[in-house]
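Dear colleague,

Please find the structure and its sequence below, for you to keep and to look through in your own time. My notes on it follow directly after.

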Amino acid sequence: MTSKNSPSLGILHLERGVPVGAAPPKPAAPGAVLNPATFDFPVIVETVEGAWVENVVRGDPTLEPAFIAAARRLVERGAAAISSTCGFSIRHQPAVAASVQVPVAMSSLLLLPMLLRQLPPKAKIAVLTYDAVHFGDDLFGFDDPVERARVVVGASKVASSGMTN
């Protein structure tokens, strides 16, 4: 059991529904954020109400209050830091970070500016994403067009085929 006495990593998880008659989702694979064995410390998860892959990827701004509410619940439950299960959640990074008093890292995309500074000026970084169509410049964390040109974005085969999870 997790409590305020046991600091935990808090994970914001997208709400997922199972269509009538469909099999429930498979357990998270080893190494996945939602697999409890991935971490050597306690993890707590909160579902972001109304946050489905489709509307998070598209950047629905009306989800921000739900992300904030779920983050606050995580802190109440003992989260010492917060992350999320979807990189597209980075659009809500500023609001979530401002709403709680613990570190918030909604996506590994936060690392892009730092990683670019570590590489030679002509080197590029590749980002493989679920959906390159909705992967806008707002997700990068920098405004410099020279830095933007150093990031190559490609979509996964699943997203390219039109399948959703």
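Arg77 is partly exposed, with a relative accessible area of 34%, where buried stands for under 20% relative accessible area, exposed for over 50%, and partly exposed for what is in between (1.4 Å probe, protein chains only). Its side chain makes a salt bridge with Glu46, the closest N and O atoms being 2.9 Å apart; the term requires a side-chain nitrogen of Lys or Arg within 4 Å of a carboxyl oxygen of Asp or Glu. Because Glu46 lies in strand S2 and Arg77 in the loop between H2 and S3, this pair ties together parts of the chain that are 31 residues apart in sequence. Helices (H or I, at least four residues) and strands (E, at least two) are DSSP runs, numbered from the N terminus.

Please bear in mind that this is a predicted model, in which local features need pLDDT of at least 70 and side-chain atom pairs count only at pLDDT 80 or more, while totals for chains, interfaces and linings use all residues. Residues are numbered from 1 along each chain as its sequence is written, and side-chain values use heavy atoms, with hydrogens and water left out.

Arg73 lies in helix H2 and Glu46 in strand S2, so here the parts tied together are 27 residues apart in sequence. Glu46 counts as buried at 12% relative accessibility, whereas Arg73 is partly exposed at 31%. Taken together, Glu46, Arg73 and Arg77 are linked in a network of salt bridges.

The total by this rule is 4 salt bridges. Another of them joins the side chains of Asp138 and Arg91, at 2.8 Å from N to O. That pair links distant parts of the chain, 47 residues apart, with Asp138 in the loop between strand S4 (125-129) and H5, and Arg91 in the loop between S3 and H3. Asp138 is exposed, its relative accessible area being 52%.

Turning to helix H2 itself, it runs over residues 64-76, and its 13 residues reach 18 Å from the first C-alpha to the last, close to the 18 Å expected; the expected span is 1.5 Å times one less than the number of residues. Its buried residues are Ala66, Phe67, Ile68, Ala70, Ala71 and Leu74. Among the elements that cover them are strands S1 (8-14), S2 (43-48) and S3 (79-84), together with helices H1 (53-58) and H3 (93-99). Just after H2, Gly78 takes a positive phi of about 110 degrees.

Two further buried residues deserve a look. Glu147, in helix H5 (residues 145-149), is buried yet has no salt bridge, and the nearest side chain of opposite charge, Arg117, is 5.4 Å away; for charge, Lys and Arg count as positive and Asp and Glu as negative, while His and the chain ends are not counted. Leaving aside neighbours within four places in sequence, Glu147 is in contact with Leu116 and Phe142, contact being heavy atoms within 4.5 Å. Asn55, found in helix H1, is buried with a relative accessible area of 11%. With neighbours within four places in sequence again set aside, Asn55 is in contact with Gly50, Asp60 and Leu63.

At the surface, Val33, Leu34 and Val45 form a nonpolar patch with about 190 Å² of accessible area together. Patches are made of residues with over 30% relative accessible area and no salt bridge, like charges being joined within 9 Å and nonpolar side chains (Val, Leu, Ile, Met, Phe, Trp, Tyr) within 5 Å. Accessible areas come from the Shrake-Rupley method with a 1.4 Å probe, and for residues only the protein chains shown count as cover. Val45 lies in strand S2 and counts as partly exposed at 34% relative accessibility.

As for the whole protein, there are 6 helices and 5 strands, which follow the pattern β-β-α-α-β-α-α-β-α-β-α along the sequence. Buried residues make up 36% of the 165 residues, and the protein exposes about 9,800 Å², of which carbon and sulfur atoms supply 60%. Of the contacts between residues at least 6 apart in sequence, 69% join residues at least 24 apart.
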